[in-house]
Amino acid sequence: MIVSLALMALTLGVAVYLGIRARGRSAMSLERWAVGGRSLGGVFVFLLMAGEIYTTTTFLGISGFIYGNGGAAYYILAYVTLAYVVSYWLLPVLWRYAKEHGLVSQADFFIKKYNSRGLGVVVTVIGVAGMVPFLVLQLKGLGIIVAEASYGAVPSSVAIVIGGVLLTGYVTLSGLFAAAWTSVVKDILIVIVVGFLGIYLPLRYFGSVGDLFAAVEAARPHFAALHTDNLGVSWYISTVVVSTLGFYMWPHLFAATFSARKESTFRKNAVVFPLYQLFLLFVFFVGFAAVLAVPGLSAGQADLSLLRLAKESLPPVVIGLVGGGGLLAALVPGAMLLNTTSALIANNVYKPLRPGADIGRVARLMVPCVGVVTIYLALNDGAAIVTLLLLAYALVTQLAPALLLSLLPKNPANSWGAGAGMLAGTGAIAYLTVNGLTVADVAPFLSPVLLHLNVGVLALVLNLTVLALVTLATSRRAPALSPEGTA
Amino acid sequence: MWLRFVLAAVPFALILGAIPWVNPYVLGLPFLLFWLSLSIVVTSACMAAVYRLDPANREEAEQ
């Protein structure tokens with residue numbers, strides 16, 4: 001236990017050291033702090049994007065989702081792959097427009113496209129609303145990792161508080177450069193850890209990957225495919241579509257996009273990045289192995305399955321390395337999320353209210369405020385990691401219709417329609433989530449094949465309907481507020 | 001131009017369109033997981049072809 005805790009502390013120490021060291025190498029203006037001064041090359045953009053993708057969700061959430069739901073977890077392989085196909089055309093357009101107008105954040109993009117500061121505030125609020133559950137799941141994962149890898153010596157709730165404080169301190173001390181350097185350590189460690197677990201555990205318990213899946217099929221027929229109505233083919237297709245649309249709507253991925261040196265970086269990444277997804281197969285193997293090797297975990301404990309299986313099979317030294325990798329898998333993306341959330345609030349909510357304020361200072365002061373809210377929610381939320389991820393995606397995807405319409409040669413939407421559509425879509429998601437409702441509950445008259453659609457689809461339909469109606473109603477009274485239609 | 005969009009549509013057809021029909025073990029993997037893994041490799045190949053056909057990349061390389 002002491003060995004595993006010491007190894008995790010060492011990993012954390014290296015991450016903090018790299019963060020502080022990186023800080024001394026860059027000026028701290030808001031633009032540099034937020035997007036690295038657009039001076040990061042292809043390798044670092046690759047690492048940043050990879051650091052964002054391989055998070056607590058990858059490490060614990062996927063194995064937990066497989067433990068509870070089997071083949072439904074394959075949606076993660078699918079949507080990320082399709083998001084890269086979309087990125088080939090989408091990201092160069094966004095990057096070019098941002099570079100041309102000196103934009104820093106996602107909200108800036110909407111403000112410029114729709115010529116509306118009010119829409120910038122709406123986009124910021126929705127972006128923050130989507131990033132909070134994403135931040136919460138990083139902290140929840142961090143709590144699970146520290147509690148399990150310390151063999152219970154550090155309770156999960158204490159680990160969440162310590163993790164939140166560390167994350168806040170890390171972000172306050174540095175910015176994007178620190179995340180990039182720490183991402184190097186994290187990527188190396190996580191590749192070793194997940195690769196080892198994905199190969200060793202199936203071999204130890206079943207003899208081979210083929211024998212693993214044969215044993216799962218014998219014990220739970222069809223579990224390794226889309227096997228239930230609730231999480232069946234229509235759920236899979238609609239969830240992949242919603243998540244693909246939402247992938248680049250994340251404010252922090254927008255900021256990372258702006259940091260590329262040239263637009264061909266995105267086109268090259270669209271070729272290479274899909275192959276990186278095959279690395280997730282290792283986590284899939286661990287999840288399926290846990291179904292049979294550590295049976296009996298309740299739905300609320302499914303996210304523990306990877307670490308429970310590892311603890312039953314491996315010595316504390318290895319568990320310390322696994323915990324260290326998991327720790328960084330929460331810290332690196334968590335830092336990026338906290339960084340972006342604070343910069344967004346300072347730049348797009350506070351600045352319009354007090355134009356003369358030192359926005360860089362306000363952004364750094366916002367970090368502990370957002371950190372405290374996140375710790376509170378992580379301690380009081382019982383949702384599974386992938387459930388939080390699905391909620392976060394459904395929220396940020398509501399930005400997609402207005403963004404995609406703004407890229408058309410002549411934007412048919414105005415700022416009133418765009419804002420009303422976004423608010424209607426996110427309002428619908430919030431209402432359905434708080435009340436635990438599904439498409440089957442609110443639209444039971446639909447054909448059976450549509451009853452299990454992702455609720456994000458329903459919200460997108462409402463979003464587009466409201467966008468069209470409000471645009472029509474307001475454009476009769478006044479000209480559309482979007483003088484720029486071209487990308 | 002149209003060929004690039006046809007190539008980009010292939011991953012969507014494999015990953016979304018074909019799912020009702022692909023939901024035997026291949027390389028030890030359940031068929032659906034094998035299909036999605038194969039689709040990822042095909043996606044990368046399609047995007048590599050799109051990249052080579054895209055005049056924007058040739059212009060940038062010449063610059």
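How much area is buried between chain A and chain B, and what percentage of it do carbon and sulfur atoms give? The buried area, meaning the accessible area (1.4 Å probe) that two parts lose on being put together, summed over both, is about 2,900 Å², and carbon and sulfur atoms give 77% of it. The model is predicted, so local features need pLDDT of at least 70 and side-chain atom pairs count only at pLDDT 80 or more, while totals for chains, interfaces and linings use all residues. Residues are numbered from 1 along each chain as its sequence is written, chains are lettered from A in the order in which they are written, and side-chain values use heavy atoms, leaving out hydrogens and water.

**Interface of chains A and B**

- Chain A contributes 37 residues and chain B 30 residues to the contact (heavy atoms within 4.5 Å).
- Zero salt bridges are counted between chain A and chain B (a side-chain nitrogen of Lys or Arg within 4 Å of a carboxyl oxygen of Asp or Glu).

**The side of chain A that touches chain B**

- At least two residues each come from α5 (75-101), α10 (209-219), α11 (233-246), α13 (264-276) and α14 (281-293) of chain A.
- The largest share, eight residues, is supplied by α5(A).

**Chain A**

- Chain A has 22 helices and zero strands (DSSP runs: H or I, at least four residues, for helices; E, at least two, for strands).
- Of the 487 residues in chain A, 60% are buried (under 20% relative accessible area, 1.4 Å probe, protein chains only).
- Among contacts in chain A with a separation of 6 or more, 85% join residues 24 or more positions apart.

Key
Buried means under 20% relative accessible area, exposed over 50%, partly exposed in between (1.4 Å probe, protein chains only).
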